[in-house]
Amino acid sequence: MTRALVVVNPAAGGGRTARAWRRLRDLVDATLPAEHAETRGPGDGERLAREAAVAGAPLVVAVGGDGTLNEVVNGVRAAGGRMPVGAVLTGRGRDACRNFGVPRDPSAAVRALVDGRDRSFDLGRAEWADGRQRWFTIAAGAGFDAAVARRAQSVRVRGTLPYLLTVIASVHLHRPMPAVLELDGVAAPAALITAVVAANGRWFGGGMMIAPDADPADGAFDVVVLGALGRLELLRWLPTIYSGRHLRNPRVAVHRARRVAIGGPVPLPMHLDGELVGSTPVVLTVEPGALRLRVPRRA
């Protein structure tokens, strides 16, 4: 396969990608020697990327949201591919733009596919006891943030206001859960937690600065542990995550680790890059420099 593959998720961003793709398709065809394929449901992006990697495509591009990029990266990685990945982000969150320097303007992102450069970033890998594994680019979360994602998915939330209402509903149902963390082989005592986030980059959840000092190319996670926050305290502190001021709360701690094991007596819901993936127990490991991402030359 001598041409790039562009994987388009028309459903990303509540249908925004389908509208954007009508404008971008001609630009892509004029700019990049590529074939394109649209996804029809969850898992299609991963399958298409895996097939392209096996066929030797020189570049695989995700057009959609952070979840689309996650699927494409998983497809390439599962096939053992080392080709670069590109991203034209048209979804709501676009945290990959903030974390990796991908242009927010889709037209600029298309141009970067041709005149940009390939940068190496870390990847996170999640592994479960049954042998299943998946990769993530931005963050893995267990606990409250995954519970919000699960509730939003179950009621098919679209738009900012409905999502905020989902967050409030999740706060109403929230209670801290017991968990055991092991960081680089050192186990901490069991404790009640609200959430644990292994952050590869600073931002997740559509602009929340969950880990202000995280660097996606430093070979380690910033592990943010939200301790036993009550409902009112959680509701009061949630808005501060956007600016990173949540770290002022004495119940919030940040650690650095290359390997994170999350377990405990009760399974906690999990997400990778905002996509639900099951529950704990799980082991999260950094793969330094495993992601080759096409970005502008100035990035």
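**The cavities and a buried threonine**

Modeller: In this predicted model, the lining of the second largest cavity is made up, by class, of seven nonpolar and three polar residues, with no charged residues. The residues concerned are Leu-226, Leu-229, Leu-234, Trp-237, Leu-238, Thr-240, Ile-241, His-246, Asn-249 and Val-252, and the volume they line is about 50 Å³. A search of the whole structure finds two cavities of 30 Å³ or more, and the largest cavity holds about 80 Å³ of space. Its lining has seven nonpolar, one polar and three charged residues; among them are Val-73, Val-76, Arg-77, Arg-82, Leu-123 and Arg-292. Helix 3 (66–78) and strand 19 (282–295) each supply at least two residues of the lining of the largest cavity.

Thr-194 counts as buried because its relative accessibility is 4%, under the 20% cut-off. Its side chain reaches the backbone oxygen of Gly-227 at 2.6 Å. Once neighbours within four places in sequence are left aside, Thr-194 is in contact with Ala-142, Gly-143, Phe-144, His-174, Leu-226, Gly-227, Ala-228, Leu-229 and Leu-234. The link to the second largest cavity lies in Leu-226, Leu-229 and Leu-234, which are in contact with Thr-194 and also belong to the lining of that cavity.

Technical notes. Residues are numbered from 1 along each chain as its sequence is written. This is a predicted model: local features need pLDDT of at least 70, side-chain atom pairs count only at pLDDT 80 or more; totals for chains, interfaces and linings use all residues. Side-chain values use heavy atoms; hydrogens and water are left out. Buried means under 20% relative accessible area, exposed over 50%, partly exposed in between (1.4 Å probe, protein chains only). A polar contact is a pair of N or O atoms within 3.5 Å; within protein, one must be able to donate a hydrogen and the other to accept it, and residues adjacent in sequence count only if both atoms are side-chain atoms. Contact means heavy atoms within 4.5 Å. On a 1 Å grid over the protein atoms alone, a cavity is a set of points where a 1.4 Å probe fits but cannot get out, and a pocket is an open set with protein on both sides within 12 Å along at least five of seven lines; lining residues have an atom within 4 Å of a point. Grid points are joined across faces, edges and corners, and a volume is the space filled by probe spheres set on the points. Helices (H or I, at least four residues) and strands (E, at least two) are DSSP runs, numbered from the N terminus. Ala, Val, Leu, Ile, Met, Phe, Trp, Tyr, Cys and Pro count as nonpolar, Asp, Glu, Lys and Arg as charged, and the others, Gly among them, as polar.
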